[in-house]
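Hi there,

Here is the structure I promised to pass on to you. Have a look at it first, and then read my notes below.

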Amino acid sequence: MRRIDAKIITSKVKEMCMKANYELSNDVLDKIKQSIDKEESPIGKDILEKLILNANIAKKERVPICQDTGMAVFFVDIGQDVFVEGGNLTEAINEGVRQGYTEGYLRKSVVKDPFLRENTKDNTPAIIHYNIVEGDKIKIRFAPKGFGSENMGGLKMLKPSDGIEGVKQFVIDVVRKAGPNPCPPVVVGVGIGGTMEKACLLAKKALLRNVGKFNEKKHIKQLELELLQEINKLGIGPQGLGGRTTALGVNVEVFPTHIAGLPVAVNLNCHVARHIEVQI
Amino acid sequence: MKEINITTPLTDDVVANLKAGDRVYISGTIYTGRDAAHKRLVEAIKQGEQLPFDIENSILYYVGPCPPKPGKVIGSAGPTTSYRMDDYTPYLLEKGLKGMIGKGQRNNKVIESMKKNKAVYFAAIGGAGALISDCIKESTVIAYEDLGTEAIRKLTVEKLPAIVVIDSKGNNLYNIEVSKYEI
């Protein structure tokens, strides 16, 4: 049994909140850079260049890349041989968010109640998904999620007979309908299988995978490639102002499902596709 | 692409000359407002109350900025998605609002009201919050302070870059440009 002090978790989470919002990770930056040469639209090309410039300013000045510093979403893998001492794990993560968003001058976007809408003023509570794994480490993955893109996601409970074509149709429809709203070029997270809520969780989890890193399953990688190609034929382009670069990547995650169903969820991320992980 | 410098307040003549696709650099005073502020502004209009700033010929920027770091005027300040304001916008256009800065499509009711009231809709680059904040020289909260990032701010901007995406005739750059690249 390995003991980890809750304070260490708070401190790591605090750093992650700031770093993820100030520094766009290299996988996303590289994909944007690569797409500049391929972009045929002059407006689109100009926008992609400005996105790089913006990311450089943010990193240098240590200010958020985007003003929507998101709702704080965590995926936490906890080794079953770990004991967290000196505090409750969930509270330790929330305290990290509280400190990171306040000390990092990040925007606090969370309201206490969906109807009363009073700001909690510290961006808590975080959304935390726990997973118990083997070992004595804790892996924390963090993806601050802006709602310009979050609002554009979708879920559909397809029939098994709809098959892969049905899935493709739905994913493409979601991206088409979203148009300029989610700040394209987007990263498309797709969750297929499980139950209704599992598909949504998979779609979000898919956004944590580096852009350009494909699913290990061959037929799923094929689906990712085909979807990316189809989506980039939509013409939406950077910021929805036309062009070839509508998506930087499509990440698909799958899970076993029921004989009667084919759930599919789409979670869109904007070009500020923030994701970061630490292991403690 | 035409490049035009414009200064607030807007006039009907300036608005009439702006065409979908023009690149503009906006200087002068603009006001911020997003979801919660719009709700309050429209409630005030419905109750016959005076608005907290002079809306006539003004530009509203849909933004919820990050807090400023010490020594800075404002934090990251890119545009938020505009369609959420669509239910409220026609009321403000009727009161003399001439320009809006945001990102994403507007609905038909907004576009019809823009045509009727001679107004223009600009898009700034969504997510480019660090880049845009460099153009903001002054920022003062002037109303609804309790809304935090959603409070109404009076901003002084210098050459804020934007693109005319829907002009006062209803021409829509989103539709025009996307159709060119759709396969």
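Chain A has eight helices and 10 strands (DSSP runs, H or I of at least four residues for helices and E of at least two for strands, numbered from the N terminus). The radius of gyration of chain A, taken over C-alpha atoms, is 19 Å, close to the 19 Å from the globule rule for 280 residues, so chain A is as compact as a globular protein of that length. That rule is 2.2 Å times the number of residues to the power 0.38. Buried residues (under 20% relative accessible area, with a 1.4 Å probe and protein chains only) make up 56% of the 280 residues in chain A.

A word on the basis: this is a predicted model, where local features need pLDDT of at least 70 and side-chain atom pairs need 80 or more, while totals for chains, interfaces and linings use all residues. Side-chain values use heavy atoms, without hydrogens and water, residues are numbered from 1 along each chain as its sequence is written, and chains are lettered from A and ligands numbered from 1 in the order written.

Now for the rings. Phe74(A) and Phe142(A) have ring centres 4.8 Å apart and planes at 25°, so they are stacked (a pair needs centres within 6.5 Å, and stacked means planes under 30 degrees apart). Phe74(A) is in strand E2 and Phe142(A) in strand E5, so the pair ties together parts 68 residues apart in sequence. Both Phe74(A) and Phe142(A) are buried.

In chain B, the charged end of Arg40(B) sits over the ring of Tyr144(B), 5.2 Å from its centre (the rule asks for NZ of Lys or CZ of Arg within 6 Å of the ring centre and within 35 degrees of the ring normal).

Enjoy exploring!

Methods
Rings of Phe, Tyr and Trp (its six-membered ring) pair if their centres lie within 6.5 Å; planes under 30 degrees apart count as stacked, over 60 as edge-to-face and the rest as tilted. Buried means under 20% relative accessible area, exposed over 50%, partly exposed in between (1.4 Å probe, protein chains only).
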